[in-house]
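Open the model in your viewer and keep the selection panel at hand. The stops below say what to select next and what is there.

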Amino acid sequence: MDSPDHRRLSEFLERTPNIRNISFIGSKGHGKATLRKLLQAQTGLDIDFLREYRVVDARPFASRSTALKPLVNYWTYQDDSNEHPYLIHALESMELPYNAANTLRMVDGVVVVLNALEIMTASTKILLRQAVNERVKPVLMLNKVDLALQLSPEECYQAFHKAIESANTAVALYSDPSLGPIEFDPIKGNVVFGSGLEEWGFTLDRFGAIFSSKYGMERDEFVSKLWGDWFFDTDTNKWTTSPQGGKWKRGFVQFVLDPIFELMVAVKTMDKAKLTEMTSSLGISLDVDSLKLKGTTLVQYILKKWLSLSDAVLSVVVQKLPSPVKAQRYRVETLYTGPLDDISAVGIRDCDSQGPLVMSICRIVQGMPTGRKYAFGRVFSGTLTTGQQIRLLGPNYSPDKRTDVWKLTVESIAVITGLAHLDHISKVPSGNICGILVPERFTFHLGTLTSSETCHVLRPIKLLPCTAVAQVAVEPKDVKDLPKMLSALRFLSSTSFLWHTEDTGEHVIEGTNFEHLNQSPVILHKETVTSTTDSPQCLAKSSNRHNRLFCVGSALANELVDAIESGVEQASAHFDRAQRASYLSDKHGWALEHGLNIWAYGPNNSGPNLLCNKTRGVMFLHEIKEYFVSGFNWATKCGVLCEDNVRGLRVNVVDVTMMSDAIHRGMGQILPTARRVVHACQLQSGPALVEPVFLTEIQCSQQEFDQVVSILTTHQAQLVDDYRRDGESVVNIKAFVAVKQASTLAQALQSQVDVFPHFSFDHYQIMEGDPVDPSTMAGETVQNIRLRKGLPPQVRPLQAYCDKL
């Protein structure tokens with residue numbers, strides 16, 4: 001039987017219109033963790049088994065730079081517009097695109113946390129794009145406003161306006177008509193100004209409520225004057241669009257910033273009469289202990305009493321972000337793969353707790369202290385109850401084949417009540433987030449739970465391009481712990497890391513972000529070619545000398561390579577053959593015939609290398625195509641220079657001669673021959689080595705600009721842009737820096753100038769020099785990679801791959 005606390009939580013879970021599922025996105029250092037900690041401490045659900053887990057994360061900042069645990073906190077908020085309190089599921093904050101996708105599937109809204117003195121970084125734009133792709137609605141929190149108060153009031157407004165403008169630029173690129181208008185506008189009430197550290201914040205509506213009646217205006221009308229080019233004529237108490245040469249103040253300055261500045265001045269000068277007048281007018285009573293506070297501490301105390309940050313943020317969350325009932329009406333099209341009129345789709349659209357169970361599994365966690373597996377996700381339809389008979393549909397499930405499906409009994413339903421701490425309840429209705437106990441053999445991280453025999457799987461989560469830039473091999477200290485290490489790696493693979501096992505048996509973790517460079521990993525290079533015209537014809541003979549493959553190689557256009565890597569559907573290997581050929585002809589200048597005769601992408605049948613068939617009248621060619629494609633995939637996975645992946649190579653098969661007897665042209669003869677001829681084409685087409693490059697974004701003062709540029713130059717960074725506005729002291733710098741230099745660059749900037757750069761992967765660049773010549777930079781890198789992999793230090797010559805006619 002459920003305890004009273006469990007019953008109370010169940011009551012909250014059943015009020016679906018009062019539920020909000022949210023998360024936080026933003027760059028590192030912008031204050032997401034501080035904001036979550038404050039909100040959890042002030043609004044955490046007052047239930048015994050939740051109370052001790054109110055603090056989000058007490059670890060030192062250095063040890064929690066990357067959030068890897070799926071945290072779900074329960075917050076409550078009561079406002080005057082609703083009889084019952086709201087229940088807010090607050091999921092983990094997101095910094096990295098790879099682990100953001102699973103979290104975004106479970107939420108309906110996100111709070112974008114942005115430093116009020118900075119513009120939106122590239123990494124935050126990627127996260128925002130992923131949110132809009134999942135039809136998740138955003139609101140904006142301008143954090144660290146306390147730092148902006150060191151500027152003049154007008155400079156504060158311009159800094160805030162610039163930050164919001166940068167966010168709206170990103171929103172305009174990724175908007176979805178189904179979400180409606182999602183631009184950030186303080187007048188519309190979807191922007192919060194505040195300080196997570198000092199625990200105060202506000203929306204424009206807060207000041208509209210204070211001053212509108214005083215000036216005889218409706219609140220909404222008054223709020224509309226508090227942002228933009230509206231100035232207040234104090235002589236006539238009227239609004240104007242002209243400042244009259246600086247005579248009149250902007251509405252935001254006059255009615256929002258000036259009261260805060262006046263409070264700061266009154267405290268600084270210890271003007272007790274003025275201070276008493278202001279606090280009494282604001283309805284703030286200062287007790288004996290608070291009067292003992294001095295300076296900044298007293299200002300923070302009064303602002304926290306007057307402008308509650310938790311009230312400001314959560315009022316925006318409940319008013320501007322949708323409930324599951326509203327959100328699932330427009331999200332069902334992106335969630336469900338089956339017909340939109342079947343019983344499961346209708347249940348999802350209506351968020352019907354009486355409909356068939358449909359639940360999306362988005363994450364696997366280990367319960368403490370037992371270590372058993374729990375599959376966590378979002379209930380979109382029906383009610384999940386203990387003892388229920390359900391089907392678990394894997395990502396490869398098909399209603400026609402009926403494969404990749406398990407039948408389960410719900411033994412236990414869990415909610416996360418702290419740092420991976422689980423507690424159990426008996427049922428969870430639609431619109432909520434929970435987990436169920438799953439068997440140990442359950443290894444995948446995405447799936448669909450359903451009670452319906454006709455339910456289709458939920459649409460696979462679409463990841464934005466996520467390029468690995470570094471890798472490290474791991475092994476257990478004790479061999480007997482290998483199973484535990486493999487289990488841990490499976491869990492890591494669902495977060496911001498990519499894990500795979502090499503052919504040599506090594507277990508490799510690949511990192512996709514700057515934070516992953518702290519463990520001194522191996523930087524991932526790629527091989528490419530530079531010749532844009534067909535190379536001399538290359539010939540490779542099979543080992544029995546009865547089969548000959550004739551090919552030529554060339555470089556693919558950078559635009560096409562980028563389209564394949566960025567996931568453009570028309571350029572992908574799985575797109576319709578005829579439509580893909582038309583796309584290549586229209587966008588990339590390919591002959592239609594060549595586009596129709598693409599045999600394969602490589603490596604892994606999906607990479608940015610193409611194998612094309614340009615032969616005519618060759619008999620039995622279809623019999624060796626599979627072997628040729630396998631050899632091509634092998635050759636592009638392990639390039640000729642240092643056995644790294646190849647990027648941007650096009651191989652045209654121009655002729656093939658084969659033995660008429662099928663036994664002499666089997667896989668053992670064709671596959672290694674195809675690999676050799678592809679390597680020969682690579683060597684004949686101007687081989688080169690490319691390295692990953694980060695785009696780094698830095699904000700500094702004009703006085704620090706020269707020093708920052710000097711540090712960038714020292715680390716071989718390429719300055720792209722330095723942007724500043726007239727009258728502003730802040731400079732926004734963008735520069736390209738090689739991934740291998742990023743860690744030392746960040747350390748130098750923090751130690752010498754005290755600025756923190758933001759990094760995001762941007763592109764690959766060709767390293768200087770001949771990669772075959774060890775005296776060049778590229779050649780030395782190739783040699784070092786070969787030695788690390790246990791290969792001979794020198795690249796094998798062309799004659800080792802290309803046979804003579």
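Select Phe-620: does Phe-620 count as buried, partly exposed or exposed? At 33% relative accessibility, Phe-620 counts as partly exposed; buried means under 20% relative accessible area, exposed over 50%, and partly exposed in between, with a 1.4 Å probe and protein chains only. The residue is found in the loop between strand 29 and helix 21, and its phi is near 65°, a positive value in a residue other than glycine. Helices (H or I, at least four residues) and strands (E, at least two) are DSSP runs, numbered from the N terminus.

This is a predicted model, in which local features need pLDDT of at least 70 and side-chain atom pairs count only at pLDDT 80 or more, while totals for chains, interfaces and linings use all residues. Residues are numbered from 1 along each chain as its sequence is written, and side-chain values use heavy atoms, with hydrogens and water left out.

**Whole chain**

Zoom out. The secondary structure comes to 25 helices and 34 strands. Of the 805 residues in the chain, 55% are buried. Among contacts (heavy atoms within 4.5 Å) with a separation of 6 or more, residues 24 or more positions apart account for 71%.

Select Asn-633, in helix 21 (residues 621-637). Asn-633 is buried, with a relative accessible area of 12%. Not counting residues up to four places away in sequence, Asn-633 touches Tyr-601, Gly-602, Pro-603, Asn-604 and Asn-605. A polar atom of the Asn-633 side chain lies 2.8 Å from the backbone nitrogen of Asn-605. Now select Gly-602 and Pro-603, which are joined by a cis peptide bond with omega about 0°. Pro-603 lies in the loop between strand 28 (598-602) and strand 29 (609-613).

**Strand 8**

Go to Asp-233, in strand 8 (residues 231-233). At 15% relative accessibility, Asp-233 counts as buried. Its side chain reaches the backbone nitrogen of Asp-235 at 2.9 Å, and a polar contact of 3.1 Å joins the side chains of Asp-233 and Thr-236. A polar contact is a pair of N or O atoms within 3.5 Å; within protein, one must be able to donate a hydrogen and the other to accept it, and residues adjacent in sequence count only if both atoms are side-chain atoms. Not counting residues up to four places away in sequence, Asp-233 touches Lys-238 and Trp-248.

**Nonpolar cores**

A nonpolar core is a set of buried Ala, Val, Leu, Ile, Met, Phe, Trp, Tyr and Cys residues joined through side-chain atoms within 4.5 Å. Select Leu-140, Leu-142, Phe-160, Phe-193, Phe-202 and Phe-252: these have the most contacts inside the largest nonpolar core, which has 96 residues. Helix 10 (residues 251-268) gives the most to this core, with 9 residues. Apart from it lies another core, of 39 residues, among them Leu-621, Phe-628, Leu-641 and Ala-680.

**Helices 15 and 16**

Select helix 15 (residues 324-335) and helix 16 (residues 343-350), whose axes come within 6 Å and cross at roughly 140°. Axes are lines fitted to C-alpha atoms, for helices over the stretch in contact, and angles run from 0 to 180 degrees between N-to-C directions. The contact is made by Val-325, Gln-328, Arg-329, Val-332 and Leu-335 of helix 15 and Ala-345, Ile-348 and Arg-349 of helix 16.
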